[in-house]
Amino acid sequence: MARQKRLPCPETEALSEKLGQTILRLRTVDKMSLGDLSELSGVAKSMISQIEKNETNPTLATLSRLSQALGTSVEAMVSDAPTESALVQHAKPQDTPRLLSQDGLCELRIIGSLDTIQFVQWYDFTAKPGGILESSPHPAGSIENLSVLTGKLEVTVEGETWSAPAGETLRYRADRPHSIRNIGETEAHATMVNILAHAVRSR
C-alpha cells in the first residue's frame, strides 16, 4: 500500500523559512557570495541556495557547518529569543526546534545545546503507538543512549532487537542502521543522548 503524504507541519515550515532568511541575511551582511560561504562551510552552493529559498530541510550537521562559517551558532539561527545570560541559557517551548519522523508519529525536540551538536546530541523523544524513527548510521564509534520514561520502546540495530519499558535504558551502537519503535498501546516518552565518537576524537 502506498504511503500517504503527510500534511505540512506549520511549526516546521516556519522554522525552515526563518533559517533560510537568517542565513541569507548573515551572508549578505558579511558580503559573502554563495561560493564564499560554500568554500568556508564545505556545503555545496546549490544546497545553500535551496536552504535560503526554503526549498529543502537541511540536516543538523549542515546547519552546524553553516553557522560556524557565518560566525554564529545553530541555536541563534533557529531561535528568536535573545541570550539572557552568559551563565544560563533559557530555552522556552517556542524556541525549541522540533523534528518529525517520516511517518509523522514520532517527535524529537532538541533540548541539548545546539552549539555542541557535532559532539553530543540530546533530544526529548515521544512516539505514538506504532510510531517508528528510522536512522542512518552515525559516525563510526557513536553510541546512542535511550532512557524510557513512559511506555515501552523497541530498538533494532542491524536486525537485532531489544525492548525496554519505563525506567530502563538501552545503550547501543549508533554507527549502524537503527530504529526506535513504540510497541506499546500508549504514547511513549524517552530522553535520547547521542555521543558522536568521531567528533570527540578530533577535538
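1. Contact is taken here to mean heavy atoms within 4.5 Å. The model is a predicted one, in which local features need pLDDT of at least 70 and side-chain atom pairs count only at pLDDT 80 or more, while totals for chains, interfaces and linings use all residues. Residues are numbered from 1 along each chain as its sequence is written, and side-chain values use heavy atoms, with hydrogens and water left out.

2. In that sense of contact, Leu-34, Gly-35, Leu-37, Ser-38 and Ser-41 of helix α2 meet Lys-45, Ile-48, Ser-49 and Glu-52 of helix α3, helices being DSSP runs (H or I, at least four residues) and strands likewise (E, at least two), numbered from the N terminus.

3. Helix α2 spans residues 34–41 and helix α3 residues 45–52, and the two pack at an angle of about 115° with their axes 9 Å apart; axes are lines fitted to C-alpha atoms, for helices over the stretch in contact, and angles run from 0 to 180 degrees between N-to-C directions. This makes α2 roughly perpendicular to α3, a term that covers 65 to 115 degrees.

4. Turning to the sheet, four strands form an open arrangement in the order β4-β9-β6-β7 with antiparallel pairing, where two strands pair if DSSP finds at least two bridges between them. Strands β4 (132–135) and β7 (160–165) stand at the edges with a single partner strand each, so one side of each is left without a neighbour in the sheet. From one strand to the next, the twist averages 15°.

5. Strand β6, residues 152–157, pairs with β7 in the antiparallel sense over six bridges, and Thr-156 stands opposite Thr-161 in β7.

Definitions and conventions. Angles under 35 degrees count as roughly parallel, over 145 as roughly antiparallel, 65 to 115 as roughly perpendicular and the rest as oblique.
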